[in-house]
Amino acid sequence: KALGPEHPDTAKSLNNLAGLYKRQGLYSKSEPLYLRALAIAEQALGPEHPSTALILNNLAVVYKNQGLYSKSEPLYLRALDINENALGPEHSDTAVSLNNLARLYESQGLYSKSEPLYLRALEINEQALGPEHPSTALSLNSLAGLYKSQGLYSKAEPLYLRSLAIAEQALGPEHWYTAASLNNLANLYDDQALYSRAEPLYLRALA
């Protein structure tokens with residue numbers, strides 16, 4: 001009403017509402033809102049604007065969560081291209097795009113395509129944000145999860161341990177992400193039948 005149906009702030013509101021539906025799994029309600037937000041952003045801000053990339057990423061998640069990988073991949077790739085060109089190949093938002101694309105490939109069992117993307121995202125976060133930043137912990141956790149799913153436990157463990165240490169230091173020992181990190185490490189030990197190592201971690205996460 002105040003700014004018009006094609007204003008960038010209208011696109012933001014559409015993106016937010018679509019996100020609400022997406023988080024509830026109401027994809028048939030979120031998709032048209034994301035598509036409308038994307039059309040506004042492309043027209044008002046330009047097809048190569050970082051805000052356009054953000055909406056592309058969100059729409060790609062909607063398709064990925066429904067198993068529509070062929071519709072999701074080109075959106076992730078386009079968002080990555082936008083962020084690399086607009087923000088630079090070493091920007092933290094570029095790392096987010098790399099992680100998103102890596103997760104898409106991982107969900108399809110395409111581990112050889114996923115790993116280099118996770119590694120590059122980790123390197124960017126370490127350089128752009130620092131080795132002790134929570135986003136670095138997220139990258140470590142993602143890469144560790146990839147190795148764990150392949151049974152590469154000796155490669156996953158040091159990454160989970162480092163992610164946990166960052167969470168404890170940056171977020172605190174009682175933060176929910178610290179609990180999630182404890183659970184991830186416990187799951188790793190549980191998968192290897194190292195129950196005496198897993199139990200105290202599960203108990204601490206529960207507490």
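**Figure 1. Contact of helix H5 with helix H7.** Asn99, Arg103 and Glu106 in H5 meet Ser139, Ser142, Gly145, Leu146 and Ser149 in H7. Contact means heavy atoms within 4.5 Å. By class, the contact of H5 with H7 has one nonpolar, five polar and two charged residues. Ala, Val, Leu, Ile, Met, Phe, Trp, Tyr, Cys and Pro count as nonpolar; Asp, Glu, Lys and Arg count as charged; the others, Gly among them, count as polar. This is a predicted model: local features need pLDDT of at least 70, side-chain atom pairs count only at pLDDT 80 or more, and totals for chains, interfaces and linings use all residues. Residues are numbered from 1 along each chain as its sequence is written, and side-chain values use heavy atoms, with hydrogens and water left out. Helices (H or I, at least four residues) are DSSP runs, numbered from the N terminus.

**Figure 2. Axes of H5 and H7.** The two axes come within 12 Å and cross at roughly 15°. Axes are lines fitted to C-alpha atoms, for helices over the stretch in contact, and angles run from 0 to 180 degrees between N-to-C directions. H5 and H7 are therefore roughly parallel to each other. Angles under 35 degrees count as roughly parallel, over 145 as roughly antiparallel, 65 to 115 as roughly perpendicular and the rest as oblique. The crossing of H5 and H7 is left-handed. A crossing is left-handed if the near helix is turned anticlockwise from the far one by less than a right angle, and right-handed if clockwise.

**Figure 3. Asn99 in helix H5.** Asn99 is found in H5. Is this residue, Asn99, buried or exposed? Asn99 is buried, with a relative accessible area of 9%. Buried means under 20% relative accessible area, exposed over 50%, and partly exposed in between (1.4 Å probe, protein chains only). Not counting residues up to four places away in sequence, Asn99 touches Tyr118, Ala121, Ser139 and Ser142. Asn99 is listed on the H5 side of the contact with H7. Asn99 is also listed on the H5 side of the contact with H6.

**Figure 4. Helix H5 against helix H6.** The axes of H5 and H6 come within 8 Å and cross at roughly 160°. That makes H5 roughly antiparallel to H6. H5 passes H6 in a left-handed crossing. From H5, the contact takes in Ser92, Thr94, Ala95, Leu98, Asn99, Leu101, Ala102, Arg103, Tyr105 and Glu106. These meet Tyr111, Lys113, Ser114, Leu117, Tyr118, Arg120, Ala121, Ile124, Asn125 and Ala128 in H6. The contact of H5 with H6 divides into 11 nonpolar, five polar and four charged residues.

**Figure 5. Helix H7 and its cover.** At 1.5 Å a residue, the 16 residues of H7 (residues 134–149) should span 22 Å; the end C-alpha atoms are 23 Å apart, which agrees. The expected span is 1.5 Å times one less than the number of residues. Which residues of H7 are buried? Thr136, Ala137, Ser139, Leu140, Asn141, Ser142, Leu143, Ala144, Gly145, Leu146 and Tyr147 are buried. What covers the buried residues of H7 includes H5 (92–107), H6 (111–128), H8 (153–170) and H9. H7 is followed by Gly151, whose phi is positive, near 75°.

**Figure 6. Pro134 in helix H7.** Pro134 lies in H7. At 27% relative accessibility, Pro134 counts as partly exposed. Leaving aside neighbours within four places in sequence, Pro134 is in contact with Ile166, Ala170 and Leu171. Pro134 and Ser181 are 47 residues apart in sequence and 11 Å apart in space, C-alpha to C-alpha.

**Figure 7. Helix H9 against helix H10.** The axes of H9 (residues 176–191) and H10 (residues 195–206) come within 8 Å and cross at roughly 160°. That makes H9 roughly antiparallel to H10. The crossing of H9 and H10 is left-handed. Residues of H9 in the contact include Thr178, Leu182, Leu185 and Tyr189. Among those of H10 are Tyr195, Arg197, Leu201 and Tyr202. By class, the contact of H9 with H10 has 10 nonpolar, three polar and three charged residues.

**Figure 8. Ala193 in the loop.** Ala193 lies in the loop between H9 and H10. Phi of Ala193 is near 65°, a positive value in a residue other than glycine. Most residues other than glycine have a negative phi. At 42% relative accessibility, Ala193 counts as partly exposed.

Definitions and conventions
Helices (H or I, at least four residues) and strands (E, at least two) are DSSP runs, numbered from the N terminus.
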